[in-house]
Amino acid sequence: VGDDHRLFEKISLEGFQSGLSWLTILRKRENFRKAFAGFDFAKVARFGSRHVEKLLQDAGIVRHRGKIEATLNNAKRACEVADELGSLAAYLWRFEADPASRPEVITEAVLRTMTTSPEAIALSKDLKKRGWRFVGPTTMYAFSQAMGLVNDHEHACPSRARVAVARGRLHVPTMTSRAIRSGPRPPRAERPSPAASASASPWSWGCPTACRCSANSPSATTS
């Protein structure tokens, strides 16, 4: 996924999901979108204390002051990232998992041992340094799986190949020269594509019932 608003939405919903069932978040997703201006972080960054109090009265979302205030804070930080690096997507995709570093064969047993990744840990650390909240390494790993930064479908899952094809077609936004100099990691080589971004999350296709890969979990199948 290369759209800034969708990326910000997923980070925000991962934060709201902390300590709750993901199904709870899915059932409230459209309400979240309405309450947070479609997760346009430039708009959310302008929310003030009155918005917080109004959101706390909105039964359609998770009424947790800390998570609401964190989302407003993160919207401001997202604006800073976009101003500095060109876009939120350009920043986040620098933390794409290197396929060569992943297990040679991904099975259910292998997935059960992986709760995060070096890239997710690095992303979490850098986001916290930038002032973001509710962005722990496990949360960022789930985010990376859902947005396609890492392909954790089992090798036997037919969706794995489709994810690889979608990644090849995805146009990852490039950064400004300032961003390249200052970023924690150099950008990965851009892959040519006729489309500006993939039309759907790599996890939105779903997997066969028999498939036990991470894409079969509620968190990973959202787009």
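Guide: A salt bridge is a side-chain nitrogen of Lys or Arg within 4 Å of a carboxyl oxygen of Asp or Glu. The structure above is a predicted model, and a search of the whole structure finds nine salt bridges.

Visitor: Why is the pair R130 and E84 called a salt bridge?

Guide: The closest N and O atoms of R130 and E84 are 2.9 Å apart. The cut-off is 4 Å, so the pair qualifies. R130 lies in the loop between helix 9 (118–129) and helix 10 (137–147), and E84 in helix 6, so the pair ties together parts that are 46 residues apart in sequence.

Visitor: Why is E84 called buried?

Guide: E84 has a relative accessible area of 17%. Buried means under 20%, and therefore E84 is buried.

Visitor: What makes E69 and R65 a salt bridge?

Guide: Their closest N and O atoms are 3.6 Å apart; the limit is 4 Å, so this pair also counts. The two residues are four residues apart in helix 6 (residues 65–85), which separates them by about one helical turn.

Visitor: How do you know whether R33 and E9 are buried or partly exposed?

Guide: R33 has a relative accessible area of 26%. This value lies between 20% and 50%, so R33 is partly exposed. E9 has 6%, which is under 20%, so E9 is buried.

Visitor: What joins R33 and E9?

Guide: Their side chains meet in a salt bridge (2.7 Å, N to O). R33 lies in helix 3 (residues 29–35) and E9 in helix 1 (residues 4–17), so the pair ties together parts that are 24 residues apart in sequence. E9, R29, E30 and R33 are linked in a network of salt bridges.

Terms used
Residues are numbered from 1 along each chain as its sequence is written. This is a predicted model: local features need pLDDT of at least 70, side-chain atom pairs count only at pLDDT 80 or more; totals for chains, interfaces and linings use all residues. Side-chain values use heavy atoms; hydrogens and water are left out. Buried means under 20% relative accessible area, exposed over 50%, partly exposed in between (1.4 Å probe, protein chains only).
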